[in-house]
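Dear colleague,

My notes on what was found in it follow.

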Amino acid sequence: MPRNSRRAVLAGLALCLAATAVACSNDTGKKSAAGPVEIDYWGWTDIQPVVDKFNATHTDIKVKFVKQADLPGTATALRNTVAAGSAIPCLAQNFGDVPALLSEGLLTDVTDYVKPAESKFNATALSGAKVQGKYYGIPLGTGPTFMMINRAAYDKYGVPVPKTWDDVIAAGKALKPHGVQVMNLAGEDPSTLVNLIVQAGGSWYSVQNDAWKVDFLSPESVAAANILQQLVDNGLVANQTYQDRPALIAYFDQGKMVSLPTSTWQLTNYELHFKKTIGDWEPIDLPQFAGATKFATPAHGNALLVPKGCPHPKEASEVGIWMNTTKDGIDATFDKTTGAYAWPGAMPDPSPWIDAAVPRKLFGSHRSEAEAVINKASASGVDNWLVGPNYTGVFKELQDQWAQAVTKKITFHQLLENMQKFTVDDLKAKGINVAN
Amino acid sequence: MSLDLKPKPLTTPPADRAGDTRSSGTRWRRTVALKGASFTVPFFAGFVVFTVVPVIMALSKSLYTAKSSGLGFGDKTVSFSGFENFDRALHDGKFWGSLWRVALFAIVIIPLIQVISLGLALLLDSVRRRVAGKLRIAMLVPYMSPGIVATLIWIYLYSPAVGPLTPFFKLFGINANFYSSQLIWVSVGNLMAWGSIGFNMLIVYGALQAVPRDIFDSARVDGASEWRIAWSIKVPYVRRSLVLVSVLGIIGTLQIFSEPLLFRSMTPETVTKDFTPIMTIYNQAFAVGDFNYAAALSIVLALVVGLISAIFYKLTNKAPA
């Protein structure tokens with residue numbers, strides 16, 4: 001009996017080891033003797049129809065979509081698999097800024113394959129995938145930024161439609177006595193600050209002679225901080241979190257918060273969930289800085305990632321470029337529930353997909369204005385925004401500082417000063433050259 | 001197949017030679033001991049793989065530092081840095097601030113949970129067994145739900161926008177925002193108490209069941225009230241159990257992570273990324289990307305938790321007089 005048990009245990013162990021070996025040797029990106037190159041795509045957004053379309057129209061490359069749980073899950077899984085050095089996917093949905101991910105050692109250089117295709121992309125989209133002139137992913141661009149306002153509420157209280165950020169502050173002051181807040185600054189989301197700076201053409205990082213120059217107190221940053229400070233100091237904004245979606249939507253739908261900087265991808269969500277205010281909203285041009293000479297919208301884009309260790313970067317780039325710059329690729333993203341396509345942020349001319357991106361009911365009688373607003377926003381994108389190699393940690397600190405600033409525990413100017421010190425100290429601690 | 005646990009000699013000992021019998025008896029005992037010990041193999045295998053090995057890896061990582069160079073895009077150079085990470089940890093204001101914050105919380109919440117658990121256990125002990133059985137299960141239900149699920153449930157109950165608690169308190173004229181910095185620890189504490197009281201109560205109740213019943217009878221004969229019996233007989237008897245659940249409470253509370261992390265997603269204005277020690281460590285490892293420093297912080301935290309638990313245990317775990 002004991003001998004039998006021992007045999008059974010040994011057999012079991014052998015089986016486990018064999019299974020593990022099989023699992024470990026399941027390398028992706030493999031190429032059988034005559035068959036097509038296989039590319040694994042990791043992402044949490046379901047792109048199976050796009051993959052199917054690609055596979056149906058290509059014979060030399062076969063893409064396999066590997067569904068991940070969510071953004072943090074994808075990030076952790078990719079970090080682990082790159083560290084392990086096996087079963088590395090050749091494409092991964094974006095979960096961070098390219099320079100920060102590159103400094104983590106997660107990305108591979110695909111300049112040789114993306115550079116020849118540059119002309120297929122919207123020029124503003126390119127910088128989001130580049131570090132020091134080299135590409136580490138496929139440019140994705142970004143959605144056009146504009147504003148939607150609850151026009152019915154604006155009209156009810158006789159407040160003019162804002163054209164500048166100063167107008168937004170003035171509107172806030174006029175609406176406040178009626179218990180209405182002009183904007184929402186979620187405590188966890190400093191993107192309003194970042195977007196204002198990008199819109200102003202600023203950046204916190206720049207490179208000078210092989211060293212980082214960190215400038216959180218640039219004129220663009222200070223101008224953005226001043227606008228936010230006035231909104232907060234005068235009590236003109238709400239602080240509803242984006243994490244509690246039902247609460248957020250219910251709040252927006254009460255007519256108590258009346259202006260939202262937004263983009264095309266968010267519209268269907270409002271369309272599906274607004275009950276009381278559906279049809280009251282109007283798309284308008286993003287407010288500008290007073291005295292700005294040129295109309296601008298923030299357009300800091302991102303990249304579809306090509307992870308380090310991908311055995312077929314050439315084919316991966318080909319897939320990524322097809323997905324983001326061809327009509328077939330964009331058309332395959334059609335969502336039957338919402339009737340919209342994934343926004344073609346990398347396409348030089350996104351106009352064929354604009355109409356589908358605008359919901360039927362949300363804007364009521366103002367729907368016809370949407371196309372011009374979106375086209376203008378799309379054509380006026382600015383992206384001088386550069387992030388440094390430590391931006392993942394810097395962003396977490398920024399979130400904490402932002403939360404303090406929107407709740408008046410510190411000023412936005414103090415936020416910028418604190419971030420300047422934190423970022424410079426962090427870069428130095430990591431042994432990275434700093435020019436400050 | 002049935003497990004044959006009866007010890008069996010490997011060979012049949014010859015009965016006529018006394019010395020041989022003794023040696024085979026020793027061998028037989030050793031075999032039995034080994035067989036018994038083999039039942040612990042699954043535990044020790046897990047313990048070694050998931051505890052000992054990571055601790056050794058963390059110790060070794062904490063002695064190294066990874067440095068970038070230039071613009072920070074090239075490969076990092078890992079070099080031996082001795083106790084540099086520990087020195088940095090000892091001077092890390094955010095880490096010690098978070099530890100202090102959680103320690104203050106623990107000082108309030110752990111005794112509170114023990115008192116309530118003890119009270120419930122005493123109540124259960126005083127009712128009839130059949131009733132006690134039903135109540136016991138009801139009280140254990142919160143403990144059965146996974147921590148993350150429990151936190152999500154409470155987060156929505158607390159939500160000022162969609163949760164039912166805010167309007168409920170408004171009925172009494174109380175304007176309660178459970179996400180505010182004044183109430184956040186109350187909110188987390190209530191959640192922890194909700195989740196752990198059932199388990200603690202069960203341990204204490206188990207100890208109460210072991211108290212010889214005739215002591216109560218003689219106490220009653222001597223004219224002791226039920227209160228007096230509870231305070232002077234039952235509580236001293238369950239003291240060791242209370243110490244045990246308190247030590248578990250200290251260890252768990254100082255390492256609190258998932259609850260504040262989920263609360264952070266709702267109320268980042270109050271719960272910062274360095275709110276608790278483990279959150280600081282998590283941020284260092286997975287946002288800043290400094291595994292070496294995170295490893296050093298983990299070891300410092302383990303030492304602090306170990307030390308506090310040991311002191312508490314030493315001070316409180318005395319046999320009842």
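**Notes on the model**

Asn209(A) sits in the loop that runs between β9 (205-208) and β10 (211-214) of chain A. Although Asn209(A) is not a glycine, its phi is positive, at about 45°, and with 7 other C-beta atoms within 10 Å this residue is exposed. Please bear in mind while reading that this is a predicted model.

A second residue of this kind is Ala87(A), which is not a glycine and has a positive phi near 55°. Ala87(A) belongs to the loop between α3 (71-84) and β3 (91-92) of chain A, and it counts as partly exposed because 17 other C-beta atoms lie within 10 Å.

On confidence, the predictor assigns the complex an ipTM of 0.75 and a pTM of 0.82. Chain A has a mean pLDDT of 90, with 92% of its residues at 70 or more; within chain A, however, residues 8-31 have a pLDDT below 50, and this stretch makes 18 contacts in the model beyond near neighbours in sequence. Where pLDDT is low, the predicted coordinates should not be read in detail. For chain B the mean pLDDT is 87, and 92% of its residues reach 70 or more. In chain B the confidence is lowest in helix α1 (residues 18-38), where the mean is 81, and highest in helix α3 (residues 84-90), at 95.

Turning to the layout of chain A, the domain assignment gives domain 1 (3-141 + 301-355) and domain 2 (146-298 + 358-429), and the centres of these two domains of chain A, taken over C-alpha atoms, are separated by 31 Å. Where they touch, domain 1 of chain A contributes 16 residues and domain 2 of chain A contributes 15 residues. On the side of domain 1 of chain A that touches domain 2 of chain A, α4 and α14 (354-357) of chain A each supply at least two residues, and α4(A) gives the most, with 3 residues. By class, that side of domain 1 of chain A has 6 nonpolar, 8 polar and 2 charged residues.

What, then, lies between the two domains of chain A? The largest nonpolar core has 124 residues, and those with the most contacts inside it are Ile39(A), Leu91(A), Tyr136(A), Val306(A) and Val319(A). Helix α16(A) gives the most to this core, with 7 residues. Domain 1 and domain 2 of chain A both give residues to the core, so it lies between them. Leaving aside neighbours within four places in sequence, Val306(A) has contacts that include Cys90(A), Leu91(A), Leu107(A), Tyr136(A) and Ala316(A). Another core, of 51 residues, lies apart from the largest one, and among its residues are Phe178(B), Met192(B), Val204(B) and Ala296(B).

The contact between the chains takes 32 residues from chain A and 23 residues from chain B. The elements that give two or more residues to the side of chain A that touches chain B are α4 (98-103), α10 (245-252) and α16 (391-406) of chain A, and the largest share, 7 residues, comes from α16(A). The residues on this side of chain A divide into 13 nonpolar, 12 polar and 7 charged.

Helix α16(A) is mostly covered, with 13 of its 16 residues buried. At 1.5 Å a residue, the 16 residues of α16(A) should span 22 Å, and the end C-alpha atoms are 21 Å apart, which agrees. Just after α16(A), Lys408(A) takes a positive phi of about 65°.

Ala379(A) is in helix α15 (residues 367-379) of chain A and counts as partly exposed, with 15 C-beta neighbours inside 10 Å; Ala379(A) and Thr297(A) are 82 residues apart in sequence, while their C-alpha atoms are 8.7 Å apart. In chain B, Tyr205(B) is found in helix α8 (residues 184-209) and counts as buried, with 23 C-beta neighbours inside 10 Å. The C-alpha atoms of Tyr205(B) and Leu124(B) are separated by 7.5 Å, although the two residues are 81 residues apart along the chain. Beyond neighbours within four places in sequence, Tyr205(B) is in contact with Ala121(B), Leu124(B), Asp125(B) and Arg136(B).

With best wishes

Terms used: Residues are numbered from 1 along each chain as its sequence is written. Chains are lettered from A and ligands numbered from 1 in the order in which they are written. This is a predicted model: local features need pLDDT of at least 70, side-chain atom pairs count only at pLDDT 80 or more; totals for chains, interfaces and linings use all residues. Two residues are in contact if their C-beta atoms, placed from the backbone, lie within 7 Å. Helices (H or I, at least four residues) and strands (E, at least two) are DSSP runs, numbered from the N terminus. Ala, Val, Leu, Ile, Met, Phe, Trp, Tyr, Cys and Pro count as nonpolar, Asp, Glu, Lys and Arg as charged, and the others, Gly among them, as polar. Domain bounds come from an automatic or database domain assignment. pLDDT is the predictor's confidence in each residue, from 0 to 100. A nonpolar core is a set of buried Ala, Val, Leu, Ile, Met, Phe, Trp, Tyr and Cys residues joined through C-beta atoms within 7 Å. A residue is buried if 20 or more other C-beta atoms lie within 10 Å of its own, exposed if 12 or fewer, and partly exposed in between; C-beta atoms are placed from the backbone. The expected span of a helix is 1.5 Å times one less than its number of residues.
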